[in-house]
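These notebook entries record what I looked up in the structure shown below.

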Amino acid sequence: MKKTSKKISRKLKWGLLIAAILVVIVTLLYPTKSYVEMPGTTEPLGKMVEVEGKKDMHEGDFFLTTVQIARANLATIIYSHFNSFTTIYSEEEMTGGLNDEQFNQVNQYYMETAQNTAIYQAFKLANRPYQLKYEGVYVLSIAKSSTFKGDLELADTVTAINGKRFDSSTAMIDYVSQQKVGDPVTISYTRMDGSKHTSTGKYIKLSNGKTGIGIGLVDHTEVVTDPKVTINAGSIGGPSAGMMFTLEIYSQLTGKDLRNGREIAGTGTIEHDGTIGQIGGVDKKVATASKEGAQVFMVPDSGTKKESSNNYLAAKAAAKKLKTNMKIIPVKTIQDALDYLEK
């Protein structure tokens, strides 16, 4: 009887211990409302970018760099306190109040825009002909008072109002502002997946007193080129690969050997005027580029004296912490990047 009692007691203790371990594991791994940002990947652009009829035969590679973003759990939150290249953000800081689907849609929009602008800049720099084709307006936000709130999604492209098509967002806004608040309005729009939709709602009074449909917008243009450029970035989103896309396209288009056998990584948005814009998570991108053996890292230089507002200073600090031999090169414009590579 005593032996049986001891066996039951032993099994109970082991059962409680296993249960406690499972509770700890679940607690550590259960996702919170916060997000964790850490070094991502370093991706060769020669495999993503194709200029029709051209081939990049030069040694070395251009690389884009990414950060990894995921829901944080207690384990990653604890880990972040011991790893300076891991940062925890609140849900509001990371997504701006967007849900996961909306957040992904906006990042898809930024990636598409970065690719489009990169093609435009590369052809402009190479003095090759291109055509800017107006497609409509991207939906960047939807007002709570908009009667299209349940129909439109972020990153949709509004192509027509009441069947009318326009040559610019300014012309579209001018037309809408002349309409009467409360009157019915039909909009045509295209989703990121290419599907076309039509919805009917009403004009509303905007906060500036003018008539509108209640969306934040920006021009959606497509660059038509010959030769054609195709970019396949997979699931990577956001605008930060704009500069590196531009350099890869330009290199293929002109046939110039910009790398001289070097492994060149970098980050930074590309704007229509050729400036290179600041990005987030630059320290993580320096870390992944260094880990993958990049020799050069090109990064935006805003000209300010603070790491928080100047990617170049933050990148230099990260490189120093990593004790890497990778060169950190500051650039303010795409021409700065070319000048460095061609010297």
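Entry 1. I looked up Ser251 and found that it touches Asp56, Phe62, Lys256, Leu258 and Arg259, residues up to four places away in sequence being left out; contact means heavy atoms within 4.5 Å. I noted that the model is predicted, that local features need pLDDT of at least 70 and side-chain atom pairs pLDDT 80 or more, while totals for chains, interfaces and linings use all residues. Residues are numbered from 1 along each chain as its sequence is written, and side-chain values use heavy atoms, without hydrogens and water.

Entry 2. I placed Ser251 in helix α6; helices (H or I, at least four residues) and strands (E, at least two) are DSSP runs numbered from the N terminus. Ser251 is buried, at 2% relative accessible area; buried means under 20%, exposed over 50% and partly exposed in between, with a 1.4 Å probe and protein chains only.

Entry 3. I then examined α6 as a whole, residues 242-254. Twelve of its 13 residues are buried, so the rest of the structure largely encloses α6. After α6 comes Gly255, with a positive phi near 80°.

Entry 4. I turned to the largest nonpolar core, where Met243, Phe245, Leu247, Ile249 and Met298 touch the most other members among 38 residues. Such a core is a set of buried Ala, Val, Leu, Ile, Met, Phe, Trp, Tyr and Cys residues joined through side-chain atoms within 4.5 Å. α6 gives this core its largest share, seven residues.

Entry 5. I listed the contacts of Ile249 beyond four places in sequence, including Val49, Ala118, Phe123 and Ile231.
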